Amino acid sequence: MIHIVVGTDSAETSEKICDYLQSRLDGNESISVLNSLHGGNDEEKVRDGQEALSVFEEQLGELAAVETEQNTGASDPAHDILTLADEEDADEIVIGLSQKRSPAQKVLFGSITQSVLTQTGHPVVGVPLTSD
């Protein structure tokens, strides 16, 4: 069985990642989906995160074993994704690639994607989140 760990931050990200995964699932996969909230328990962020997780259950629940987890006390979402991938011996990590920040912002504030890519030995798939 192939085990995939997914990090998501919104329902839109979840939908794009589900579109990607639907094209390649063959029933021999399990998927662990993590919504890691940087900065606490804001009710709106928690609700949005739960919505992001439910997209996977709705769209992929009949195609694969799907488990979801929300971490509301996250200090570093990249660390959470990497820890989950290591704990579950993931065959692959799937994350969304956002184009929302400028290169200068990425240098100043860091990047979850960059951290995941540079700190893991697991294969990583980046799903583009823009339609371009």
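This is a predicted model: local features need pLDDT of at least 70, side-chain atom pairs count only at pLDDT 80 or more; totals for chains, interfaces and linings use all residues.
Student: What makes up the secondary structure of the chain?

Tutor: There are five helices and five strands. Read from the N terminus, the elements follow the order β-α-β-α-β-α-β-α-α-β.

Student: Why is the pair R24 and E92 called a salt bridge?

Tutor: Let's set the value against the cut-off. A salt bridge needs a side-chain nitrogen of Lys or Arg within 4 Å of a carboxyl oxygen of Asp or Glu. In this pair, the closest N and O atoms of R24 and E92 are 2.4 Å apart, so the pair meets the definition. The structure holds one salt bridge.

Student: What does the pair of R24 and E92 tie together?

Tutor: R24 sits in the loop between α1 and β2, while E92 belongs to strand β4, so the pair links parts that are 68 residues apart in sequence.

Student: Is E92 buried or exposed, and how do you know?

Tutor: Its relative accessible area is 12%. Buried means under 20%, so E92 is buried. Now try R24: its relative accessibility is 28%. Partly exposed lies between the 20% limit for buried and the 50% limit for exposed, so R24 counts as partly exposed.

Student: Why is I81 called buried?

Tutor: I81 has 6% relative accessibility, and the limit is under 20%, so I81 counts as buried. I81 is in helix α3. Leaving out residues up to four places away in sequence, I81 touches V5, G7, L34, I93, I95, I112 and V116. Across the chain, buried residues make up 40% of the 132 residues.

Student: How do you know that E58 is exposed?

Tutor: The relative accessible area of E58 is 64%. Exposed means over 50%, so E58 is exposed. E58 lies in helix α2.

Student: Which element gives the most to the negative patch?

Tutor: That is α2, with six residues.

Key. Residues are numbered from 1 along each chain as its sequence is written. Side-chain values use heavy atoms; hydrogens and water are left out. Helices (H or I, at least four residues) and strands (E, at least two) are DSSP runs, numbered from the N terminus. Buried means under 20% relative accessible area, exposed over 50%, partly exposed in between (1.4 Å probe, protein chains only). Contact means heavy atoms within 4.5 Å.
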